[in-house]
Amino acid sequence: MVENRPVLNILTHVVLIVGVAIVAFPVYLAFIASTHDANAFARGLAPMLPGPHMIDNYAQMLTSGLSSAGAPPVWLMLINSTIMALTIAIGKIAISIISAYAIVYFRFPFRLLAFWMIFITLMLPVEVRIMPTFKVVADLGMLNSYAGLTIPLIASATATFLFRQFFLTIPDELMEAARVDGAGPLKFFRDILLPLSRTNIAALFVILFIYGWVQYLWPLLVTTDSRYYTIVMGIKRLAASADADPYWNLVMAAVMLAMLPPVLVIILMQRLFVKGLVETEK
Amino acid sequence: MATINLVDLQKSYGGNVLAVKGVNLSVADGELIVLVGPSGCGKSTLLRMVAGLESVTSGRIEINGRDVAKAEPAERDIAMVFQNYALYPHMTVRGNLEYGLKNRGTPRAEIDRRVKEAAEILEIGPMLDRKPRELSGGQRQRVAMGRAIVREPSAFLFDEPLSNLDAKLRVQMRVEIRKLQRRLKTTSLYVTHDQLEAMTLADRLVVMNGGLVEQIGTPTEVYDRPATLFVASFIGSPPMNLIPVDVMAQAEGFSALPLPPDTDIIGMRADQLVIEPPQGESIVLHGQVELLEPIGSESHLHVSLAGQTLVLRVPGRPDLADGATIKLYAPPSAMHPFNRATGRRTDSPPQA
């Protein structure tokens, strides 16, 4: 839509700026809080400008953590979260692209049944099946391990479905041309389908990385050993101190640090991500 | 360089729907065979069976005497040009040309030589490092041909390769394909629904209808002596006029003609009917002018004859008013006798 109406321009900008302000203000406040000392926010009058304790707060959280809350240093939780989010994102993409390939390009008995069974799992999110899943993971001895954190979350109907829809838009002739050119199923997958799915994979990676990063309930259940705490559940633990006021400045420093990796992923993959959402390469 | 033999080839989809009902065809080395027919006649299915993209229900496909009916497409030593080109969108033109060769483990030097050669033949050298989406339709078409050429296969299979091009480019590419095929002398099967394309390209035509071969022959044979009513009405533009014998009986001189038994339809080409009295013996029909369509150097004259409409091709723009009574002349040799029930010619033994 290319229009040249100044009033409309101003109006749209006002709406956008107000929207951004509403979203950004709490983040700003969190950042301000993370730069003051522990008492600044307890006084009831929140400061609006950065304070002098930024480096102290962040250094303390990164290196030693908040031992009174039973939480490990933030760097460990960041690494745990990164491992978890990466494993989930990569695992989900790998499994779903392969299963979508099978469903779209191979004629095997019960193909449709397989597809619908995958599809039906969409209706059972982690929270619904959390008790049986926990039981299984516990019986397999995977509590307090990266495997226990990630494997139950890897199977993905959504991603399978997205890849299936994408594969269906690829003309059959491409597969036939590849067959005539002497490419077997694996070669076709590697040489043609994977490169064509590049933008889709990137878009999904961003979405799934964030999905893995923000997991809260599942890590809370399967980890009792602080070495496996993830950052999102760790923040909750930081804020929940029994007798005293929470150290809001330190909690907010952890929050700011927790935000960085997803933001980084989005910034780095933004170009591909947007391309994947709006464009089909044909 | 190869011969292709199709022996009683059949294809059925899900039980008893026959898409191809027993086709026999032998293609000589270096020949360009065009499969032509209306949509749904089974010509594409037939081609795809030869390519190995459709399974064969029964019958044999022999390439160079070897039965390949069960072989993978890659094992048949054929190359195919698709209607929508089917270029790999993420590869450069060079990548597209090389892909089939790489998969076959062709040595690097050989790949480079063939790609260079094909690029020269097709004049796509400057585009080798571009992606298909940066090319025009005609250029993509060339790349698709190039992908077939570099393989140096036994046979080319063309599946309506020109139908995505505009009319002007289509004529140009048609000529190029013909020249190229003559030059490379590669046995080719070419599918099209455009009878003009079929006539101009083919060494021999295979006219198909409803999963069956109606006639196999050179373009002139098929045009001059259509074996069936279907071929008569499909090949030629405008199509052959088909007139019931009882209408023809009113024509002067017709009853004296010796007609083969069982003839109940007479076919006449639009260009064999004339409005000027010709030299020699001729049959004279009386009709009314219905419509005159001028198309440049000639005109199509629609004449009504006892409820039937005939189309004539006449030179120039004759001055004829609609509704005027007119005499049409045709030599006895222009009559093609058919039988309506069998759909076949009555003056030749039925073809196998």
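1. Across the interface of chain A and chain B the rule finds 3 salt bridges, a salt bridge being a side-chain nitrogen of Lys or Arg within 4 Å of a carboxyl oxygen of Asp or Glu. One salt bridge joins B:Arg48 to A:Glu176, with 2.7 Å between the closest N and O atoms.

2. This is a predicted model, in which local features need pLDDT of at least 70 and side-chain atom pairs count only at pLDDT 80 or more, while totals for chains, interfaces and linings use all residues. Residues are numbered from 1 along each chain as its sequence is written, chains are lettered from A and ligands numbered from 1 in the order in which they are written, and side-chain values use heavy atoms, with hydrogens and water left out.

3. The contact (heavy atoms within 4.5 Å) takes 18 residues from chain A and 24 residues from chain B. Between them the two chains bury about 1,800 Å², 56% of it on carbon and sulfur atoms; buried area is the accessible area (1.4 Å probe) that two parts lose on being put together, summed over both. In chain A, the residues that lose the most area to chain B are A:Arg179, A:Val180 and A:Asp181, together 37% of what that side buries.

4. B:Thr346 lies in the segment after strand E17 (336-338) of chain B, strands being DSSP runs (E, at least two residues) numbered from the N terminus. B:Thr346 is buried, with a relative accessible area of 19%, where buried means under 20% (1.4 Å probe, protein chains only). Leaving aside neighbours within four places in sequence, B:Thr346 contacts residues including B:Pro260, B:Asp262 and B:Phe338.

Terms used:
Helix = DSSP H or I, 4+ residues; strand = E, 2+ residues; numbered from the N terminus. Buried < 20%, exposed > 50% of the residue type's maximum accessible area, 1.4 Å probe, protein only.
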